[in-house]
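Welcome! Please take a look at the sequence and the structure below, and then we will walk through a few of the details together.

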Amino acid sequence: MKHTLSVLVENTPGALSRITGLFSGRAFNIESLNVAATLDPTLSHITLVTRGDEFIIEQIIKQLRRLVDVFKVVDVSEGEFVEREMSLIKVRAEEESRAEILRICDIFRCKVVDVSPKSYTLEVTGPESKLKAVIELLRPIGIKEITRTGNIAMMREKKTM
Amino acid sequence: MAKMTGKQMVVEALKREGVDVIFGFPGGAIIDLYDTLEKDGTIKHVLVRHEQGAAHAADGYARASGKVGVCVATSGPGATNTVTGIATASLDSIPMVVFTGQVPTALIGNDAFQEVDIVGITRPCTKHNYLVKDVKDLPQVLKEAFYIARSGRPGPVLIDLPKDVQNGKAEFNYPEKIKLRSYNPVIEPHGKQIERAYRLIEKAKRPVIYAGGGIIIANANKELRALAKATYIPVTMTLMGLGGFPGTHELSLGMLGMHGTYCANMAMANSDLIIAAGARFDDRVTGKIEAFAPLAKIIHLDIDPTSIQKNVKVDVPIVGDCKRVLKKLLGAAKDGGRPAEAWMDQHQAWLQQLDAWKKRHPLTYKKEPGVIKPQYVIEKLYEMTKGRAIITTEVGQNQMWTAQFYKFDEARTLLTSGGLGTMGYGFPAAIGAQMAFPDKLVVDVAGDGSIQMNIQEMATAMEQRLPVKIVILNNQFLGMVRQWQELFYDRRYAATEFEMTPDFVKLAEAYGAKGFRATKPEEVDDVLSKGLEAEGLAIMEFAIAREEGVFPMVPAGKATTEMLLV
């Protein structure tokens, strides 16, 4: 099963490497990873998507908590939560496809962030399923390059980290 | 406040942390710290002959004394040579602080002379580590390092000190106390869990306490003994747990697992309640996991939550310090108010069954005329030392025979690499233990293979005038691997036979130590008494039965009831 973990870690060199090392050293899988500082610059927020049965997830969470640099770990996917991902997609935009791309862009509320004679670069934000749909529609037109942030997530309602 | 150099800070911190002896080997990137140690003159430094020896010696010092062991090495190869020692300490949860020199900060990442990313290399085998980039951070790092090493589930912590940080100056504000928001080991167990556990204990008809190294680390041997005695629950120990409960006690079932006693493995397989205390259900203990203790409910007490539910499903997890948890369980038993006779009655049938198993297949070996049996050597060693020595072992058959035939009654008297299984551990660890207890008898039980992995430390022991005794069980084989080859690889002895071993008696003499050799059974007693009574470092070599095996044995991956017996 897919799990989305929110991890607060000390913003120190090596902290991220300890976390990724833990995953590779124990043959756990990371599907996506996002890291940035929080309002408190001494802490970083990591959103990590992984897969495994309940025993593996329990081990992953315990192992993460054991790391000296890790302040807090929450499996946000256990409760109600929102999850978003952003992607930049550079798509081939020839004469005949330019209008079609803009139409897709409009339907999915994407933004065009860069334009050149032969390409558009789109910014897409949403849950993973939306990104997937946009990518599938753009694929036949010709995707030249794609980057994704990986998921970021937050618990709903009053709960905070 | 007067400013201090980084190297002075390290020496000052060592003093404040109560460190009186350190083990190390100098080099260009750590020469500055050494200079300060020399000028200061209060901390005893043991110069080893290889940095791996320094790490194992610090580890042996820590295991024997319960204090934090400290070792020092230079950058690059000095640092990488400590890695096996660090991993050894890590897998057995031994408190240790390792200082390594590093090239100046400006050169880091340049592939400078003797540069290596030791913090990167040791990240998975330390509890925590630091590369200190600014001397201002050093006091806090030093305090944290010792605190992290010894608290919670202990472990090794490495501090990498670039040359310019050693020489840089800053104010020395050494924190008296420390609180880290991201590191708060749970010491006190949850009351509810104690209740739940006690309710299971009350009902159990066939309970077993399965005690691991956590008992020794937490100094919980008294509490364990009290609980077992009060409730008449038998105790089996892991290799790391030996000495945590007296091996000669009537409730002791001896060691369990791959080379454990018949009785201990049968007890686990038939138990209805296993109380795991500071143990981690390692594969050498459980055997085939699906067949492990099929009838038992499990109470698992451990300071490290990751150990719980890692390999087996647990009914009552209790996170906390073993000493506190056992005290609380004993308290619950006292509050329960059941008299001793009632406990005895409830477990009587079980204890009788265990006794029958003990008698059916006791630990034993076949005597053969004219050949020295290694088990006999260990039995004699036990007799002659009255079980009072600190014993270190190497890894392999020598380790298992020692675990089986030396009855450890006291905690911290068996120092052995259980988790990592490091050949070459025993001798330098004995040096560390002897430094901690100059007046105790310290004996390393070795094989002819493993003793050669850190034989260079003979010079260290001689230089420090340490009267360490080395028992070499010489079969001119890498015996444990040979045993597997005999049993599971059609006796194809691939790379396990030594066609050449040195003359260990002459080798001892070359170092200025004493050497004795026995080649016949009737010489064993004499060689042991001469060796043990010799002044200073001595080697006792025994030419043992070449193809003797360690039994019982549970073949890897089999159920623990499928034991090969003598």
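In S13(B), B:His300 is the bridge partner of B:Ala276. This is a predicted model, where local features need pLDDT of at least 70 and side-chain atom pairs count only at pLDDT 80 or more, while totals for chains, interfaces and linings use all residues. Residues are numbered from 1 along each chain as its sequence is written, with chains lettered from A and ligands numbered from 1 in the order in which they are written.

Strand S12 (residues 273-277) and strand S13 (residues 297-302) of chain B run parallel and are joined by 5 bridges. Strands here are DSSP runs of E, at least two residues long, numbered from the N terminus, and two of them pair if DSSP finds at least two bridges between them.

In chain B, an open sheet of 6 strands has the order S11-S10-S9-S12-S13-S14, with parallel pairing. Strand S11 (252-255) and strand S14 (316-319) of chain B are its edge strands, each pairing on one side only.

| Domain of chain B | Residues |
|---|---|
| domain 1 | 3-171 |
| domain 2 | 191-360 |
| domain 3 | 374-543 |

The C-alpha centres of domain 1 and domain 2 of chain B are 38 Å apart. Between these two domains of chain B, 6 residues of domain 1 are in contact with 6 residues of domain 2; being in contact means that C-beta atoms, placed from the backbone, lie within 7 Å.

Finally, the chains meet too: 13 residues from chain B and 15 residues from chain A make up the contact.

Definitions and conventions. Helix = DSSP H or I, 4+ residues; strand = E, 2+ residues; numbered from the N terminus. Domains from an automatic or database assignment.
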